[in-house]
Amino acid sequence: MDKKRILIVDDEVGSARLLQSNLEQTNLYVVLVENTATAAFATAQHFQPELVLMDVMMPGLDGGELAQRFQTSPTLTSVPIVFLTAAATRAEVASRGGQIGGLPFLAKPVDMPELIGCLEKHLGK
Amino acid sequence: MQLIQAAKLECIGTLAAGVAHEVKNPLQTMLMGLHYLAHNLPANNEGITRALHDMRDAVTRANAILRGLLELSAATASETKAEDLNACIERSLWLLHFELAATQTTVVRQLAVDLPLVPMDRGKMEQVLINLFINALHAMSHGGTLTVTTQAVAWSEDLASREPIFRPFKPGDTLAVAGVQDTGTGIPEDVLPRIFDPFFTTKPVGHGTGLGLAVVKKVMDLHGGAIDIRNAPARGVRATLILKLQ
């Protein structure tokens, strides 16, 4: 089975690296990590991720702006984006139907089963 | 005393909103690290398994405290609409249906079928009810009966003279009264005056943040309502919530 390509964009270096390790040891995903939005956009052009998991609050370009760049890029416009944010609570996620600005989001801290469930739900779209 | 309490809550709320982002990111790192270790350390080592379990519990607890603080800070403004209080109760019970089943709790509903719509912030009122239900479940860990009631009453001087909780209201007020009663162990009388204090809890370490009832009180105040919690005459605790109908 082909592994799915996931791009993680998070300025929390340790958290992103551990998430990458956890995803890769499932043998279901190939994962790249970028810690800035600018680098993430450049990487995405050649990596062609099948899903992007991104933090919302990042220095410089934030997650919302980066998502907009993806959506207006001819080659990345259809890539599903899932926000992973410390700026919302699980209750807020539930009350917004799991969507922020029309895109799915998860509230930190989130554990692996819930995160993988969310990835799998949106990878097929 | 109430002013000191209000200032304390405001201070906690401001701090909580400020630190939430900074604390949740390290919690995420710890959770990812624990998952990684759980899959890469020997699974048959009891000491390692227990240490990982305890650390995971600690992360969950820290997150629960943070969530309680955020709920407290969020309880500053309400968007009130005319809502069905009985439906709000049903939804809150449904959200806890796993916990109710796990504790073998019997739910008795005595909900007024003709209860008028109540002006309230439904999300916040569900939070109030869930917090009260959770406290009841914790008090009945070996099973019991949770009785939930609603009724509409007209304020009267006689009522206010008998029940202090009605005293903040005035002639002409019609009120929605909700009751939540458990058959648990009750609350020691000397503890009752402190139950709404932030961080005050009688639960064992790791089982309560001490913020649930502080949130409940704040939300009720925000609605111009009232709450009373006391030991029931027979056994257990009875919480009474009052909201104005108009």
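Me: Is B:Thr240 buried or exposed?

Reply: In this predicted model, the idea is to compare the relative accessible area of the residue with the cut-off, since buried means under 20%. B:Thr240 has a relative accessible area of 12%, and therefore counts as buried.

Me: Where in the secondary structure is B:Thr240 found, and which residues does B:Thr240 touch beyond those up to four places away in sequence?

Reply: B:Thr240 is found in strand β7 of chain B, which covers residues 237-244. Setting aside residues up to four places away in sequence, B:Thr240 touches B:Ile165, B:Val177 and B:Ala178, and also B:Ala226, B:Ile227 and B:Asp228.

Me: What pattern does chain B follow along the sequence?

Reply: Chain B comes to seven helices and seven strands, and read along the sequence these follow the pattern α-α-β-α-α-β-β-α-β-α-β-α-β-β. Among the contacts in chain B between residues at least 6 apart in sequence, 77% join residues at least 24 apart.

Me: Which residues of helix α7 of chain B are buried?

Reply: An α-helix has 3.6 residues a turn, so residues three or four places apart point the same way. In helix α7 of chain B, residues 212-222, the buried residues are B:Leu213, B:Ala214, B:Val215, B:Val216, B:Lys218, B:Val219 and B:Met220. Just after this helix, B:Gly224 takes a positive phi of about 70 degrees.

Me: How much of chain B is buried, and what is its accessible surface?

Reply: Of the 246 residues in chain B, 44% are buried, while the accessible surface of chain B comes to about 13,100 Å², with 58% of that surface belonging to carbon and sulfur atoms.

Notes
Residues are numbered from 1 along each chain as its sequence is written. Chains are lettered from A and ligands numbered from 1 in the order in which they are written. This is a predicted model: local features need pLDDT of at least 70, side-chain atom pairs count only at pLDDT 80 or more; totals for chains, interfaces and linings use all residues. Side-chain values use heavy atoms; hydrogens and water are left out. Helices (H or I, at least four residues) and strands (E, at least two) are DSSP runs, numbered from the N terminus. Buried means under 20% relative accessible area, exposed over 50%, partly exposed in between (1.4 Å probe, protein chains only). Contact means heavy atoms within 4.5 Å. Accessible areas come from the Shrake-Rupley method with a 1.4 Å probe; for residues, only the protein chains shown count as cover.
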